[in-house]
Amino acid sequence: MFARITPYKMKSDSIDAATEMMHSLKDQIMSLDGIHQFMNVMQSDGSGYVISVVESEEASDKNADQVRALWANFGPYLEAIPTPEGYAVLVDWKI
C-alpha cells in the first residue's frame, strides 16, 4: 500500500465552504483507482492534511491528474495549491 499525504492551509473565512465542497466531491474522491481510505484532518486555523491510502504507488501516480483536478476545486478557499507527498505504508492497523 501507498499513502499520499498532502499538507494544506485554508483561508480562515473559507473552512465551512471548503468542507461543504469536499462532501460534494466524495463520490469522485472515493472512486479514484485503487483507493482504500481517505481522511482529512484540520486544525481550527485551517491548516491540515489529506491522507489517502491507495493500493500502490503506481495507482497513486495514475490518479495524479485527477487529484490535481480535485484540488483545483478548492482554489478559492486555499492559501496556495498544496503539493502531495508519497510514502510506503509500513503498517495499517485498525481496531
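Me: Buried means under 20% relative accessible area. With that in hand, what makes serine 60 count as buried?

Reply: This is a predicted model, by the way. Serine 60 has a relative accessibility of 7%, and the cut-off is under 20%, so serine 60 counts as buried. Serine 60 sits in helix 3. Not counting residues up to four places away in sequence, serine 60 touches Phe2, Arg4 and Val54.

Me: And serine 56, why is that one called buried?

Reply: Serine 56 comes out at 17% relative accessibility. That is still under 20%, so serine 56 counts as buried too. You'll find serine 56 in the loop between strand 3 and helix 3 (57-62).

Me: How do you know that the side chain of serine 56 makes a polar contact with alanine 59?

Reply: The serine 56 side chain reaches the backbone nitrogen of alanine 59 at 3.1 Å. The limit for such a pair is within 3.5 Å, so 3.1 Å passes.

Me: What makes arginine 68 exposed?

Reply: The relative accessible area of arginine 68 is 54%, and exposed means over 50%, so arginine 68 is exposed. Arginine 68 belongs to helix 4. Threonine 83 is 15 residues away from arginine 68 in sequence, and the two are 9.3 Å apart in space, C-alpha to C-alpha.

Me: Now the rings. Why is the pair of tyrosine 8 and tryptophan 71 called tilted?

Reply: First the distance: the ring centres are 5.8 Å apart, and a pair needs them within 6.5 Å. Then the angle: the planes stand at 50°. Stacked would be under 30 degrees and edge-to-face over 60, so this pair is tilted.

Me: What does that pair tie together?

Reply: Tyrosine 8 is in strand 1 (residues 2-9) and tryptophan 71 in helix 4 (residues 64-72), so the pair links parts that are 63 residues apart in sequence. The structure holds 2 aromatic pairs, and ring pairs join Tyr8, Trp71 and Phe74 into a cluster.

Me: How do you know whether tyrosine 8 and tryptophan 71 are buried or exposed?

Reply: Tyrosine 8 is at 6% and tryptophan 71 at 10%. The cut-off is under 20%, so tyrosine 8 is buried, and so is tryptophan 71. Both are among the residues with the most contacts inside the largest nonpolar core, along with Met10, Phe74 and Leu78. That core has 18 residues, and strand 1, helix 1, strand 3 (47-54) and helix 4 each give it two or more. Leaving aside neighbours within four places in sequence, leucine 78 is in contact with Tyr8, Lys9, Met10, Lys11 and Trp71.

Me: What puts the buried residues of helix 1 on the same side?

Reply: Helix 1 (residues 15-24) has Ile15, Ala18 and Met22 buried. They cover an arc of only 65° around the axis, which puts them on the same side. The buried residues of helix 1 pack against helix 2 (26-30) and strand 2 (35-42).

Me: Last one: how do you know that strand 2 and strand 3 pair?

Reply: Pairing takes at least two bridges, and these strands have 7, in the antiparallel sense. Methionine 42 stands opposite glycine 48 in strand 3. The two strands form a hairpin with 4 residues between them, and glycine 46 in the turn has a positive phi of about 90°.

Technical notes: Residues numbered from 1 in each chain as written. Predicted model: local features only at pLDDT ≥ 70, side-chain atom pairs only at ≥ 80, totals over all residues. Heavy atoms only, no water. Phe/Tyr/Trp six-rings, centres within 6.5 Å; stacked < 30°, edge-to-face > 60°. Buried < 20%, exposed > 50% of the residue type's maximum accessible area, 1.4 Å probe, protein only. Arc of directions from axis to C-beta. Contact = heavy atoms within 4.5 Å. Core = buried A, V, L, I, M, F, W, Y, C linked by side-chain atoms within 4.5 Å. Polar contact = N/O pair within 3.5 Å; in protein donor to acceptor, adjacent residues only side chain to side chain.
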